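I'm opening my notebook on a new chain today. I'll jot down each thing I look up, in the order I get to it.

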Amino acid sequence: MTATTPLPTATILGYPRIGRRRELKRAVESFWAGRIDETELRATARELRAATRERLVALGLPAAGGAIPESFSFYDQVLDATLALGAIPARFADIAGAGDLASYFALARGDERHQPLEMTKWFDTNYHYSVPEIDERTPFAADPAQLVAQLVEARGQGVSSRPVLVGPVTYLLLAKPSDDAGRRFTPIDRLDEVVAVYAELLASLAAAGAEWVQLDEPALVSDSLLLSREETLALVERAYRRLGGGATRPAILLAAPYGDSAAALPRLGALPVEAVQADLVRGGLPEAALADGSLAQAFTGTQLVAGVVDGRNVWRTDLRAALERLGRLRDAGIATVVGTASSLQHVPHDVAEETRLDARLRSWLAFADQKVAQTATLARGLADGSAAIAAELAETDAALADRASAPGVHVGAIRDRAAAVGEADRRRGEEAERRDAQRALGIPELATTTIGSFPQTAEIRRARAGFGRGEIDREAYDGFLRAEIERVIRLQEEIGLDVLVHGEAERNDMVQYFAEHLDGFAVTEHGWVQSYGTRATRPSILWGDVSRPAPITVSWSGYAQSLTERPVKGMLTGPVTILAWSFVRDDQPLADTADQVALALRDEIDDLVAAGIRIVQVDEPALRELLPLDAERQRAYLDWSVGAFRLATSGAGPGIQIHTHLCYSEFGEIIGAVDGLDADVTSIEAARSRMDVVAPLGDHGYSRGIGPGVYDIHSPRVPSAEEQAELIRIAGRRIPGEQLWVNPDCGLKTRGYEEAVASLTNLVRAARLVRADA
Ligand code: GLN
Ligand code: ZN
């Protein structure tokens, strides 16, 4: 390997790439709309990257020595790895190799001739990646162009940056076999070939002057993938022995973010790589190996990037506690670099932008920029002693003490109510009794419905923004929303849907809307976080005890129900999803916070029922997402998350039908929990996978209603009635017809009216076609 300098004393694994004002989103979407061309889009991206490097240096990361990661992506880092490996699925062969952004986005989003790559959650985050499709014949050929270009670009700025790539083991474990793959094939079978391509990429980077490269291997901390941790670790050892032996390569930082790598650390340290990163927020250290010196032994000649700054949450780092842990490592003789636990792509850019946020709350927070600065501060403290950062330590201590005693953080009445919850509060009546009572709803077999939202038109967004800015008064805005609800109800009646929705026009976002109406939450102005591609969410901050000062959805749902004889679903977001898509207080167990939210929702359901609503859907699309990566913690999580959902819904009498909606299709491993929710009807995403989800449900003996999506709402394509009928028939082979519901994969919020109406019309026809089969 070429001689390299050690990694400087502070680094981060990655930085938000969407831009402080979501510049990347706007530029990419303009490119899609044909308003700007590729040259212009690339120029915007270059400016964003340059601004990021400059800022990271200004915040205290060294410009030299590879401390600055190149974590930009036009869409997704896993897709970028697919391109760097040349692993283009055969079904895209006709557009591959063009190297232009239009082909890149065709893989991500599909086009007239191609279904897009599937998208799924990145570990236990709310980020989604484009799933690689690999089979026995997938070509692999190193394409280092992007990686090299960014490196050169950085050098022009006086920065020696560190290219970042998803590592080979994680890449293949996240891939799925393509439709052409043989039945026994799994992508990881091709590890050795892929590692050879990584070796070529590393050689090209070295030739281009890279001092360091970062390879992310979060598969190391996950129990949810195809292989056991031991098997994954063995493959990582095999891959990195080979990569480490490469003749010309940059120094390698092998990163294990998102979870606990303690048990693997001694073996990772012994690999022929120059640095290993460990997540010390979610994970710990191998205490015995630290005490007996064997960890230091394993790390001889290898730096440990100690991930003590949380990349997943927005709270100020407890600098004193972090410094103490860093000191222990250093005192054990380990060359310690201060780092983040994961990439900072999961937090917003900068707290300083939040000028409207309560100043007291703001003083408790840290977004990406603050976390970078904290990383640099800790590095100074580690090098020069705590006295060197005395001012920062004092400021942190004061903020932490203030937060612990602030009003609203602990509210006696809320705590008393939560403490009084018993098991009976989490149980509904018998299934058979409920089924009988719900016959009064008059719902037909293969009932048709939607998931909740109707298209959010420009007009709706304009009205909401105008109301937010005070240009439209409450009365006018309410009138607008009522007219919108009436329009959506009439439209659904015309289309012939059986169970209606009010359309959610009043909601900017399914979590933020509730956060805005519950005590204990704050919302940000600019706190956007990438969810996938150009989509970003603005998580609310759950900082205090949660309660419901007044009914939230009742007037809208009640109004919708008053317009029609058909049942209208009340529409709520469940406690787990509210937690998952918010930044949640870190000073008490999630289980306690979830129960507070559940009690507020329970009151809301009571009020909905009192207003004449007979079906309530409680969405939990994030149930799978929050599942911890390690098996040990999974059970405890499933216990409290299912418990919170049941606490929210068990106040409803047997005649009230409870629905839930789960967005994704991979829930094999939580099928017991999905059953445990005890919802009367569960809708799930299924169209893209052609109903793959129904077989496990059938095998599990799932006995209540199930609505596998027959219309893929992620694409503007209008599926025909025949096509949707075929999917219903596939589902019908595994699930009895009386349990089946017919619905789209998810809400229609992002769709246009024309395609949504055409697709729903076909959906209703599809249900009729299949009813006629019988
Ligand atoms: N009811 C929500 C909607 O239709 C559900 C969205 C989701 O599952 N992400 O928009
Ligand atoms: Zn959904």
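Predicted model: local features only at pLDDT ≥ 70, side-chain atom pairs only at ≥ 80, totals over all residues.

**Entry: helix H4**

I looked up residues 101–109, which form helix H4, and listed the buried ones: Tyr-104, Phe-105, Ala-106, Leu-107, Ala-108 and Arg-109. What do the buried residues of H4 pack against? I found H1, helix H3 (77–84) and strand E3 (128–130). Then I checked what comes just after H4, and there Gly-110 takes a positive phi of about 80 degrees.

**Entry: H1 and H2**

H1 turned up as a partner of H4, and I followed it up. I see that H1 covers residues 23–32 and helix H2 covers residues 38–58. Their axes come within 9 Å and cross at roughly 170 degrees. That angle is why I write down H1 as roughly antiparallel to H2. On the H1 side, I noted Glu-23, Leu-24, Ala-27, Val-28 and Phe-31 in the contact. On the H2 side, I noted Glu-38, Leu-41, Thr-44, Ala-45 and Leu-48. Sorted by type, the residues of this contact come out as seven nonpolar, one polar and two charged.

**Entry: Ala-247**

Next I picked a loop, the one between helix H8 (229–244) and strand E8 (251–256), where Ala-247 is found. Is Ala-247 buried or exposed? I got 9 C-beta neighbours inside 10 Å, so Ala-247 counts as exposed. I also looked at Ala-206, which is 41 residues from Ala-247 along the chain, and their C-alpha atoms are separated by 10.0 Å.

**Entry: ligand 1**

How many residues sit around ligand 1? I have 13, and the ones that come nearest are Ile-451, Gly-452, Ser-453, Pro-621 and Gly-747. The shell around ligand 1 divides into six nonpolar, four polar and three charged residues.

**Entry: the whole chain**

Last, I zoomed out and noted 28 helices and 23 strands. The radius of gyration is 26 Å, close to the 28 Å that the globule rule gives for 774 residues, so I put the chain down as being as compact as a globular protein of that length. Along the principal axes, the C-alpha atoms fill a box of roughly 75 × 60 × 50 Å. Of the 774 residues, 53% count as buried. I also noted that, among contacts with a separation of 6 or more, 78% are between residues 24 or more positions apart.

Technical notes
Residues numbered from 1 in each chain as written. Chains lettered and ligands numbered in written order. Near = placed C-beta within 6 Å. Nonpolar A, V, L, I, M, F, W, Y, C, P; charged D, E, K, R; others polar. Axes fitted to C-alpha atoms, helices over the stretch in contact; angles between N-to-C directions. Helix = DSSP H or I, 4+ residues; strand = E, 2+ residues; numbered from the N terminus. Parallel < 35°, antiparallel > 145°, perpendicular 65-115°, else oblique. Contact = placed C-beta atoms within 7 Å. Buried ≥ 20, exposed ≤ 12 C-beta atoms within 10 Å, placed from the backbone. Rg over C-alpha atoms; globule rule 2.2 N^0.38 Å.
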